[in-house]
Amino acid sequence: MRGKGLRYAVVVLVAVLLLSMGAGSVSADTVTGVPGKYSKEINYLISENIIQGYPDGDFHGDDKVTRAQAAVMVGRMLGLPGEKRSTDFPDVDKGLYASGYIQSAKDKGIITGFPEGDYRPNKSMTRAEMAYLIVKALRLEAKSDVTFTDIPKSSKLYDYVNKLSTAGISEGFPSGEYKPDRIISRTEFSLFVARGMNKEFKVSSGTEEPMEVLEKQIVTADFLNVRNGAGSNNQIVGKIYTGDTVSVYKKEGSWYYISSDNIKGYVHSAYLMDKPSKTYKVAIDPGHGERDPGASANGIVEKELVLDVSKKTREYLENAGMDVVMTRQSDWYPSLSGRVAIAERNNATEFVSIHANAASEGANGVETFYYASGMSSREFNSYKLAKFINERLYKEMDMTDRGVKNGNFHVIRETSLTAVLTEIGFLTNKEDAGKLKTQHYREAAARAIALGVMDYYNWKE
Ligand SMILES: [Zn+2]
């Protein structure tokens, strides 16, 4: 922060002198106080003779911008006549350095002054005033459905800020706010003007003052509504889906302000989980295949069902940033030792075999197997992975929880990997089979398995 007050008044006076001089060879490289990330924009404005540095060699990016200075910059941007002359405003004297530009802008209908008839040239400019000024100056018309959490859609200002944002000149802050009453800084003002003059500098998201990302999380719900405020009574601005990664910027109780791709807004935190800090590689093994159909009942063939669910599981995992190895991707039969070898040679660290059950008609529900003959950490990890998957699975499938079991199967026994075999329901049970026929429950099974794997990674970390 810099001290304002008297020093500021002196700087304004000096700036007045500078504004009427040529730019010479001044560039952002030779003035200090230019925020490094914006040096291209500032350099551009200096080269276009719109702004200059101060005699002390500093850009003073944090300084306020007066309404007189704003009129000069916008006047120069539009190439309006800037000769000092008398004005329609009683408080803008002919002798004021900005008088010509102020009157020219008034003539063009770009500025109107206050309802009392004055212009208040020494008043600091707000972001709301800047929106009115730039939209009128550039005759911006295009609108979009962008919204701001601090500007009601019904207000006159919304129209202007929306147009400013649609034009890529300002998208507001990552918090979703525009902060209309905030005094604009020299840097902000310069960025607005540069973006207005040159398409190269346009913004597509809130880049003016990036908020810090608190953490990365992953969506666990089928889909999650993104709202323009913290609470379910707020308007829905978009949707995000299972496995989508979100950046969390702030927390308001159980509501988080997040961004995900191009969507920004509030979501309920109950449907988020921590994103594992590393990319893990998991092997997905669709049971059976080709000459071995597995179980068949109620019109479902196990090898077909589990291949479908496995592919969906891979999608969820990959969407969440994990690597996936498939032991088969079509209707063929890798041997049991071949499946283990595929996983191990591809450096997977976990192995999840997906099956469906068959028994008498009354048997129903989900169960997941691990293999343990002792107390090795691999066996304990396998037990935990089975627990996490099964816990997600019976809830997502609305099925009976048959629990996790120690099972003596080749693919989870003859391996160095953390390995489980999950049974996603009974084909021989009418109710289970009815669900497993639907895309809805196949998606649910895949989502549950993927999220169970992610739960396991979070537990390991
Ligand atoms: Zn099977």
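Two strands pair if DSSP finds at least two bridges between them. Strands (E, at least two residues) and helices (H or I, at least four) are DSSP runs, numbered from the N terminus. This is a predicted model, in which local features need pLDDT of at least 70 and side-chain atom pairs count only at pLDDT 80 or more, while totals for chains, interfaces and linings use all residues. Residues are numbered from 1 along each chain as its sequence is written, and side-chain values use heavy atoms, with hydrogens and water left out.

**Strand pairing**

| Strands | Bridges |
|---|---|
| Strand 1 (residues 215-219) and strand 4 (residues 245-252) | 4 bridges |
| Strand 1 and strand 7 (residues 272-274) | 3 bridges |

Glu-215 has Val-248 of strand 4 as its bridge partner. Ile-218 is bridged to Met-273 in strand 7.

**The zinc site**

Which residues coordinate the zinc ion? They are His-288 (NE2), Glu-302 (OE) and His-355 (ND1), at 2.0 to 2.1 Å. Donors are N, O and S atoms within 2.8 Å of the metal (3.2 Å for Na, K and Ca); water is not among the atoms, so sites may look incomplete. Along the chain the donors follow the spacing H-x13-E-x52-H. Glu-302 lies in helix 8 (residues 302-319) and His-355 in strand 12 (residues 350-357), so this pair ties together parts 53 residues apart in sequence. Glu-302 and His-355 are both buried. Buried means under 20% relative accessible area, exposed over 50%, and partly exposed in between (1.4 Å probe, protein chains only).

**Helix 9**

Helix 9 spans residues 336-345, and its buried residues include Arg-339 and Val-340. The buried residues of this helix pack against strand 8 (281-286), strand 12 and helix 11 (410-413). Contact means heavy atoms within 4.5 Å. Asn-347 follows helix 9, and its phi is positive, near 60 degrees.

**Aromatic rings**

The structure holds 13 aromatic pairs. In one of them, the ring centres of Tyr-280 and Tyr-457 are 4.0 Å apart and the planes are at 10 degrees, so the pair is stacked. Tyr-280 is in the loop between strand 7 and strand 8, and Tyr-457 is in helix 13 (residues 439-460), 177 residues apart. Both tyrosines are buried. Rings of Phe, Tyr and Trp (its six-membered ring) pair if their centres lie within 6.5 Å; planes under 30 degrees apart count as stacked, over 60 as edge-to-face and the rest as tilted. Ring pairs also link Tyr-280 and Tyr-457 into a cluster whose members include Tyr-370, Phe-380 and Trp-459.
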